[in-house]
Amino acid sequence: MAIKDKVENNLTMMKKLLIFTVVMFVFGYAMVPFYEKFCEVAGINNLLQPDTLSQELETDTARWVTIELDANTRGLPWDFKPLQRSVRVHPGESVEVMYEIINNSDREITGQAIPSYSPRFLDKHLKKFECFCFTRQVLKPREVKQMPVQFVIEPTLPKEFHTITISYTFFELPVGTPAISEK
Amino acid sequence: MAAVHGDVHGHGHDDHHPTGIMRWVTTTNHKDIGSMYLWFSLTMFFTGGFLAMGIRAELFQPGIQILEPELFNSFTTLHGLIMVFGAIMPAFVGFANWQIPMMVGAPDMAFARMNNWSFWLLIPAALLLVSSFFVPGGAAAGGWTFYPPLSAQGGLGVDMMLFAVHILGASSIMGAINIITTVLNMRAPGMTLMKMPMFVWTWLITAYLLVLAMPVLAGVVTMLITDRHFGTSFFNAAGGGDPVLFQHIFWFFGHPEVYIMILPAFGIVSEIIPTFSRKPLFGYSSMVYATASIAILSCIVWAHHMFTAGMPTVGQLFFMYATMLIAVPTAVKVFNWTATMWKGEMTFETPMLFAIGFIFLFVIGGFSGVICAIVPIDIQVQDTYYVIAHFHYVLVSGALFALFGGAYYWLPKWTGHMYDETLGKWHFWLSMIFFNMAFFVQHFLGLAGMPRRIPDYALQFADFNMISSIGAFGFGLTQLLFVYIVIKCIRSKEPAPEKPWDGAKTLEWTHLPTPAPYHSFETPPVVK
């Protein structure tokens with residue numbers, strides 16, 4: 001084989017491999033929407049969309065579950081607290097609790113609340129119809145805002161759990177961050 | 001160091017190339033670049049080793065004595081990064097540079113200039129990693145896997161580390177493209193794929209894994225950088241991102257990466273064992289298929305690194321079974337090596353000792369890998385010293401022992417001089433003893449629950465930690481002996497025999513003089 005052909009062959013090979021490299025780079029990024037979709041379809045980590053009930057739940061009046069409410073902020077000058085420390089409900093019963101946020105600063109701040117549950121698998125037994133955490137919250141300077149969370153604990157919650165905790169943490173969103181619901 | 005190189009390649013005097021430092025800066029010769037890769041990785045090996053000595057010194061006794069916790073974290077982080085990206089990977093690329101063109105009968109690598117670039121990219125990356133210790137805030141301290149949120153929060157040191165990883169990744173991709181092209185397009189007439197030496201096969205498959213996995217690493221590093229500086233929220237929970245997503249993308253790179261570090265070691269061992277058993281490699285084609293199967297399986301097991309990160313049971317089961325499946329092709333290789341030795345006329349020179357030591361200890365690391373793959377056990381031992389013991393058995397007594405074996409095996413071919421056999425054997429036995437002393441006890445520490453990456457520990461772990469530290473210091477000191485042996489070999493006046501290993505069958509031994517001339521196979525050999 002002539003030397004020129006050999007060089008050309010090598011360059012063709014390099015081009016193919018470079019294209020493959022770029023494809024794999026893009027693949028890394030493609031994993032982001034892929035995982036998002038995958039989790040949505042599989043119902044994993046579904047923290048930020050309202051749930052719907054497929055059928056009426058039967059209320060298990062024989063059991064009581066205490067729901068402790070917790071609220072935190074991370075790096076933003078807000079006061080954030082539940083208006084009641086805990087509620088006591090029957091599984092299957094629809095509950096509404098109120099939270100309050102106060103902007104202590106003189107600037108408008110956008111925040112996003114992220115839920116966290118204890119026990120960790122609680123999200124499987126928690127159906128949330130309304131929550132301030134589904135969208136970002138914009139607070140004007142010194143504004144006070146009360147917001148509801150509406151949910152139901154399904155009777156499928158294992159019997160040994162008498163007390164569960166629902167916690168929210170507010171994070172500040174930098175200006176220009178697209179809201180989760182817009183993504 | 002340049003002077004040492006000058007001596008090694010003094011025989012290249014009839015060729016026209018710049019002399020002094022410019023020879024090394026501008027060289028496109030695969031042997032020069034191979035030597036530079038090997039010296040570079042040896043330097044980084046001692047840099048990472050220094051950090052390891054720091055870690056073991058701190059863990060010598062309970063309490064905080066030498067390293068503040070923050071600095072200790074930087075030590076573990078940079079020890080991992082430097083050993084993986086600076087020592088083991090470039091060392092194998094060094095071997096590839098020296099050996100692949102000679103073993104397939106090619107005059108040089110396919111893209112000689114790019115080869116030079118991929119080496120010189122390593123230097124700024126190494127400087128970034130090492131100098132990050134001296135910037136405000138110190139070096140990255142979130143572990144070599146740089147999970148967010150820690151890596152999203154750290155200071156300048158983290159940026160330097162991320163940039164260094166980017167550069168090292170680019171260098172590896174270029175190296176891999178070079179190797180694939182060389183192997184596929186530049187083989188001598190008659191050298192069909194299934195006649196290639198096993199080392200070339202394992203490197204071909206490794207190079208494919210590199211171009212598959214490294215760009216994903218580049219992607220995830222880029223996401224982390226934009227999260228840190230440009231307001232994106234890939235991994236930032238506050239902006240709707242997910243830190244666990246990082247782990248998934250990172251380990252999609254990270255698991256093939258561990259096979260990138262071990263497959264070329266399999267290749268080196270597959271060259272050494274037949275030579276010193278004076279028999280052809282048993283089950284050559286099954287070796288090729290086993291290597292390919294390991295490579296393919298390595299791409300579908302990444303989530304076994306994150307069993308405790310939260311995953312549906314179905315996912316855990318899939319990744320558990322897929323991981324355990326890797327034991328099958330790996331066992332094929334181990335049985336093939338053993339069968340090669342069976343009824344062979346074996347001699348036990350230093351390369352063979354390292355190769356047998358490799359098989360023996362790598363199998364221990366492989367078995368503890370299968371144990372870690374079992375979900376309930378993994379949940380128990382994850383992030384403990386059991387995992388540390390496991391991956392040091394596959395990376396130190398696996399990858400590193402194979403590198404030592406390969407170095408002793410090919411030193412006569414590279415330098416034209418014989419290494420000191422007695423000292424080589426000392427190097428092996430001391431390494432063997434101290435390695436096991438350092439790492440075997442870590443299995444017990446891990447099973448008893450000692451967590452990794454923590455500078456202090458409960459009192460009941462004290463004795464085993466002291467044994468482990470003494471072993472580690474001994475292992476570290478022993479490696480200075482290796483440097484002495486290599487330099488002594490290079491400086492030796494006595495020429496090596498043309499073919500010091502009578503069982504060697506590959507082209508560099510059968511078709512080239514010793515030492516290998518600066519330019520080899522300008523007219524390709526014909527392979528029957």
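This is a dialogue about a predicted model and the terms used to describe it.

Trainee: What should I know about the numbering and the confidence limits?

Mentor: Residues are numbered from 1 along each chain as its sequence is written, while chains are lettered from A and ligands numbered from 1 in the order in which they are written. The model is predicted, so local features need pLDDT of at least 70 and side-chain atom pairs count only at pLDDT 80 or more, whereas totals for chains, interfaces and linings use all residues.

Trainee: What makes R453(B) partly exposed?

Mentor: R453(B) has 17 C-beta neighbours inside 10 Å, so it counts as partly exposed. R453(B) sits in the loop between α17 (421–447) and α18 (462–491) of chain B.

Trainee: How do you know that the length of α3 of chain B agrees with that of a helix?

Mentor: Helices are DSSP runs of H or I with at least four residues, strands are runs of E with at least two, and both are numbered from the N terminus. The expected span of a helix is 1.5 Å times one less than its number of residues. For the 29 residues of α3 (residues 30–58) of chain B that gives 42 Å, and the end C-alpha atoms are 42 Å apart, so the two agree.

Trainee: Why is α3(B) called largely enclosed?

Mentor: Of its 29 residues, 21 are buried, so α3(B) is largely enclosed by the rest of the structure. For α8(B), 23 of the 30 residues are buried, so that helix is largely enclosed too.

Trainee: What makes I485(B) buried?

Mentor: I485(B) has 23 C-beta neighbours inside 10 Å, so it counts as buried. I485(B) lies in helix α18 of chain B.

Trainee: How many residues of chain B are in contact with chain A?

Mentor: Two residues are in contact if their C-beta atoms, placed from the backbone, lie within 7 Å. By that rule, 26 residues of chain B are in contact with 27 residues of chain A. The elements giving two or more residues to this side of chain B are α8 (156–185), α9 (198–229) and α10 (243–277). α9(B) gives the most, with 7 residues.

Trainee: Which classes of residue make up that side of chain B?

Mentor: Ala, Val, Leu, Ile, Met, Phe, Trp, Tyr, Cys and Pro count as nonpolar, Asp, Glu, Lys and Arg as charged, and the others, Gly among them, as polar. The side of chain B that touches chain A has 18 nonpolar, 8 polar and no charged residues.

Trainee: What is meant by a nonpolar core?

Mentor: A nonpolar core is a set of buried Ala, Val, Leu, Ile, Met, Phe, Trp, Tyr and Cys residues joined through C-beta atoms within 7 Å. The largest has 176 residues, and V220(B) is one of those with the most contacts inside it. Leaving out residues up to four places away in sequence, V220(B) touches G28(A), F246(B), I249(B), F250(B) and F253(B). A second, separate core has 23 residues, including C133(A) and A237(B).

Terms used: Buried ≥ 20, exposed ≤ 12 C-beta atoms within 10 Å, placed from the backbone.
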